[in-house]
Amino acid sequence: MTAAPTTVPGTAPGTPAASTARRRRRRRQTWTAYAFVSPAVVLFAIFIVGPFVYAIGLSLYAWDLLTPARFVGLENFSRLFDDPMLAKSLITTFLFALASVVTHIVGGLLLAIGVNRAMNRALSYFVRTAVFFPFLISWAAVSLLWKYVLDPTFGLMTYYLGVIGIDAPSWFSDPTWSLPAIIGIDFWHTIGFTFVILLAGLQTVPNTLVEAARTDGANSLRVFWHVTVPTMSPTLFFATVITFIGAFQIFEPMQIITNGGPDDSTTSIVMYLYENAFQSFQVGYASAIALVVFVVIMTVTVVQFWLSKRWVHEQ
Amino acid sequence: MTDIAAPPRRRRRLRTGSLVVDLVLLSVGVIMVAPLVWLISSSLTAASAAFSLPPTWIPRPFSLQNFADVPELVPFGRMALNSLLVATISTAGALLVSVLAAYAFSRLSFRGSRALFVALLSALMVPTQLTIIPVFILMRNLGLVDTLTALWLPTLINVFAIFFLRQYFNSIPKELDDAARIDGAGHLWILFRMLVPLSGPALAALSILLFEMSWNNYFNPLIFISTPEKMTLPLGLVTLQSGQGGGSPAVVVFAAITLVVLPVLILFLLFQRSFVTSIASTGIRG
């Protein structure tokens, strides 16, 4: 896989011949670079930029994918504001994301601290493997499995809750319990990710800092709040943002287990988008909803970027 | 067999609290694996005895019939092959596209390079849910709906992979290129014979991530595929469960889930460190 050498032999630097050669070389390098990036650029244009622009255009139309599209201007956007189902799905999604962030960060941090101590190596291996592995299973398999784990008649969870004296609700037919059930499933599925990220962050906290604080008489709790948390705050911040963005796009367990119900209690924003786009074929309105998702994610990303930049400057 | 980011060995006085924490961690671990153990043991139990209460942890009577029933209901082998095919093409293709682009951004100066790079990075904020409707229309116009091509083609562009590889290439000293160039090497040689072999860990982490993303994807197949013979495993599982005629028996669904989860578990136990490094170094939540 050899190509022609890019240096021109026989030219000494500083001579007119050398400067033309350099210019020629630079021009050739530009064409080489274009050749190298062109597959990425073409695919980027076809599958990201084009669709992005097209989606914005679509949001100005009413279209069912079959009959000709009809231009409706900003009608889809004014409809967003009058749509109680959109409001409800946004509230559901924000609630889910909030619960997801809190449970993942608190749970992940506690687990990471628990494992990052001197402990039996076999136990440590077991806990780390058990906590991380579910993250690698597809949402489809996780959703189906948990549908049965929480089954009101033969479910594993139902039985053992009964053993300890708790009468388990019928999770997926009770609007009060359907969302908490999915929050729980999501925790089981993705805590491994948060755990690994936070454990890696925790291991960057310098031991000397902890020892110094201890020598000064700080107890474990004070060391945690005044040394551990500030030192790993960039990691905590990153984990929070990435958990929020992931949770905001929750879709699979809703589509697979509850189909958004009961009483639309588990219709997340992406679930609602999917229903509009691919079940009732209101492609224009669905694009407007997709733009809402985009704006939320963009806002969070920009705020994160801005905050983390400030952080770096302050240090 | 290596394990997840093992903490450094530290000698410390045993405190009473330590034992309590150990017990709590042990129960968390047990609760985490319980559904999986139940899954596997139920799938190995004869259909008549499965899901009895209290739950069976040891398959009795033992039976492999549930596994034999899976292909009767959905073309499971075909689906597994589809998953493998799509994930392999997607991973290899995205790696190739990304490696080439990353080389240009890391090693070559060209007009518009900065603007292009910023444009690519901005695309990280664009969720698939926004682009999927136009991509669906595009695939429909190209006649690619309900084909495997619709699944892997859009995944060949992965902005994160380009960014990640560029960062990695940047950490490799440019003096190495100069030395190679004096010896007469061209760009393709420098990239594929020098930078790529030097980027083993980054490429491994990225490959695992890309493969996992494709292997586990449910959203795109749900939208593009309708024929069982064209489905990948995640969609196949859900189709098996919901079924055309009121759904399949739960034990058969369990057998199918086991068939999907078990290879991942085995690969994970063998290459645990690689999986964890892939997640920890890329920071991508799949």
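A: At 10% relative accessibility, R107(B) counts as buried, a word that stands for under 20% relative accessible area, with exposed meaning over 50% and partly exposed lying in between (1.4 Å probe, protein chains only). The model is a predicted one, in which local features need pLDDT of at least 70 and side-chain atom pairs count only at pLDDT 80 or more, whereas totals for chains, interfaces and linings use all residues. Residues are numbered from 1 along each chain as its sequence is written, chains are lettered from A and ligands numbered from 1 in the order in which they are written, and side-chain values use heavy atoms, with hydrogens and water left out.

The partner of R107(B) is D177(B): the two form a salt bridge whose closest N and O atoms are 2.6 Å apart. The term denotes a side-chain nitrogen of Lys or Arg within 4 Å of a carboxyl oxygen of Asp or Glu. Because D177(B) belongs to helix α8 (residues 175–182) of chain B and R107(B) to helix α3 (residues 76–107) of chain B, the pair ties together parts that are 70 residues apart in sequence. Helices (H or I, at least four residues) and strands (E, at least two) are DSSP runs, numbered from the N terminus. D177(B) is itself buried, at 2% relative accessibility.

Helix α8 of chain B holds a further pair. R181(B) forms a salt bridge with D178(B), the closest N and O atoms being 3.8 Å apart. Both residues lie in α8, three residues apart, or about one turn of the helix.

Over all chains, the count comes to three salt bridges. One pair crosses between chains, from D22(B) in helix α1 of chain B to R117(A) in the loop between α3 (84–115) and α4 (121–132) of chain A. The closest N and O atoms of D22(B) and R117(A) are 2.4 Å apart, and both residues are buried. In general, side chains of opposite charge can pair when their charged atoms come close.

This crossing pair leads to the interface. Between chain B and chain A the count is one salt bridge, together with 13 residue pairs in polar contact, both residues being at pLDDT 80 or more. A polar contact is a pair of N or O atoms within 3.5 Å; within protein, one must be able to donate a hydrogen and the other to accept it, and residues adjacent in sequence count only if both atoms are side-chain atoms. On the side of chain B that touches chain A, α1(B) gives the largest share, 16 residues. The residues of that side divide into 79 nonpolar, 13 polar and 11 charged. Here Ala, Val, Leu, Ile, Met, Phe, Trp, Tyr, Cys and Pro count as nonpolar, Asp, Glu, Lys and Arg as charged, and the others, Gly among them, as polar.

The contact takes 103 residues from chain B and 105 residues from chain A, contact meaning heavy atoms within 4.5 Å. The area buried between the two chains is about 9,500 Å², and carbon and sulfur atoms give 76% of that area. Buried area is the accessible area (1.4 Å probe) that two parts lose on being put together, summed over both.

The UniProt record, in an unreviewed entry, lists residues 19–40, 84–105, 117–139, 151–169, 190–211 and 250–271 of chain B under "transmembrane region". UniProt positions are given in the numbering used here, feature names are shortened, and annotations may be inferred rather than shown by experiment. Residues 19–40 of chain B are 100% helix and 0% strand, and their end C-alpha atoms lie 31 Å apart. Residues 84–105 of chain B are likewise 100% helix and 0% strand, with the end C-alpha atoms 31 Å apart.

Another charged residue of chain B deserves mention for its backbone. D146(B), in the loop between α5 (128–141) and α6 (149–152) of chain B, has a positive phi of about 65 degrees although it is not a glycine. D146(B) is buried, with a relative accessible area of 15%.
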